[in-house]
Amino acid sequence: MTTARAHTNIALIKYWGKRDSQLILPYTSSISMTLDEFYTDTQVVFDAALTADELYLDGTKRDVTKVATVLELVRQQAHESRFARVTSTNHVPETAGLASSASAFAALTMAASAAAGLKLSHTQLSRLARRGSGSASRSVDGGFVIWHRGTDDQSSFAEPIREQPTLPLAMVVVMVSGKKKSQTSRQGMAQTVATSPFYPAFVEQNQAAIEPMLHALATDDLATIGRLTEQSSFQMHAAIMAGNPPFSYFEPETLTAWHMVQTLRDQGIPAYATMDAGPNVKILTTQPHVDTILKALEPEFAGRLTVAH
Ligand code: PMV
């Protein structure tokens, strides 16, 4: 039996769209910030007494379909024939409205491969986690991580960026809605790639932002980190909205929060918004400005604000 812990991550330069949905190879590279406080602990045991894989998430038995791919790949690599019992606990506050699939699949990959006796490098773990959920490839390591898009299974993996920022970066997470998303990221990506005339422009712009973002992080250039973060998110959402049928993850309060971010910025506070496959807004800033941002958002979003690093 093995236990592993993996942390959630938020993409600054987004991943949106697969050019190979079997292998989960993305059209663009992406860069993320790992959140130290939020993580998933997962325990895996391969047991000859089991007649099927089992998944217990936060104490409740769940459908195993989602974890089957990773377990199957581990079994193949390790020549393991037994089924597995997976027990997972999410340490991500529900009020944060953060997706936990990245930390969940990374922890599952690390625990399952170790339980099966495989000794995998971080690169191999990242490649395997990628098969569960793309963003999970970026949750094997901490800090600021780049997922190289690569051209095949071997070359598409994530690793910590070489020059980490020294800025005390922080995220204020605004929970606009705790409801289940209207479209999963998998469905949303497939629709954008297949139908959005803006998708090729997103791919070009997003890939072109990778080098400038690495440079901005290495030089602690907060204004550029923030601008590129906001741009990647808005370009992703623009491509999503331009799909057929038209669709958006935004809710009215998503824009309310974003307007507040703009107002703060007009007042000289470094605050930059990023949104994923849901309506919640993550505000990138540095620690000294967190209280000001919380105070400004409190009247509208009391009880729905979480700070993460
Ligand atoms: O890998 P998934 O299915 O969790 O997709 C992640 C998609 C975004 O969160 C919107 C962007 C990203 O890079 O994390």
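In this predicted model, α2 is followed by G117, whose phi is positive, near 85 degrees. Helix α2 itself has 15 residues. From first C-alpha to last it reaches 21 Å, close to the 21 Å expected at 1.5 Å a residue. Of its 15 residues, 13 are buried, so α2 is largely enclosed by the rest of the structure. Helix α2 is also one of the elements against which the buried residues of α1 pack.

Helix α1 covers residues 65-78, 14 residues in total. Its end-to-end C-alpha span is 20 Å, close to the 20 Å expected at 1.5 Å a residue. Its buried residues are V67, V70, L71 and V74. An α-helix has 3.6 residues a turn, so residues three or four places apart point the same way. The partners of the buried residues of α1 are strands β5 (54-57) and β7 (83-91), together with helices α2 (101-115) and α3 (122-132).

Just after α1, H79 takes a positive phi of about 50 degrees. H79 is a residue other than glycine. H79 sits in the loop between α1 and β7. With 8 other C-beta atoms within 10 Å, H79 is exposed; the cut-off for that class is 12 or fewer.

A positive phi is also found at D220, near 55 degrees, again in a residue other than glycine. D220 lies in the loop between α6 (210-218) and α7. Its count is 15 other C-beta atoms within 10 Å, and D220 is therefore partly exposed. A cis peptide bond joins N244 and P245, with omega about 0 degrees. P245 is placed in the loop between α7 and α8 (252-266).

The protein chain is divided into domain 1 (2-160) and domain 2 (169-308). Their centres, taken over C-alpha atoms, are separated by 23 Å. The contact takes 23 residues from domain 1 and 30 residues from domain 2. On the side of domain 1 that touches domain 2, the elements giving two or more residues are β1 (2-13) and β4 (30-47). Strand β4 gives the most to this side, with five residues. By class, this side of domain 1 has 14 nonpolar, five polar and four charged residues.

For "domain: Mvd1 C-terminal", an unreviewed UniProt entry lists residues 172-302. The span 172-302 is 59% helix and 10% strand. The C-alpha atoms at its ends lie 13 Å apart.

L35 belongs to strand β4. L35 counts as buried because it has 26 C-beta neighbours inside 10 Å, against a threshold of 20 or more. Leaving aside neighbours within four places in sequence, L35 is in contact with H7, T8, N9, I10, M171, A308 and H309. For one of these contacts, I10, the C-alpha separation from L35 is 7.6 Å, across 25 residues along the chain.

T306 lies in strand β13 (residues 305-308). T306 is buried, with 21 other C-beta atoms within 10 Å. The C-alpha atoms of T306 and T28 are separated by 29 Å, and the two residues are 278 apart along the chain.

Note on methods:
Residues numbered from 1 in each chain as written. Predicted model: local features only at pLDDT ≥ 70, side-chain atom pairs only at ≥ 80, totals over all residues. Helix = DSSP H or I, 4+ residues; strand = E, 2+ residues; numbered from the N terminus. Expected span 1.5 Å × (residues − 1). Contact = placed C-beta atoms within 7 Å. UniProt positions renumbered as here; feature names shortened; annotations may be inferred. Domains from an automatic or database assignment. Nonpolar A, V, L, I, M, F, W, Y, C, P; charged D, E, K, R; others polar.
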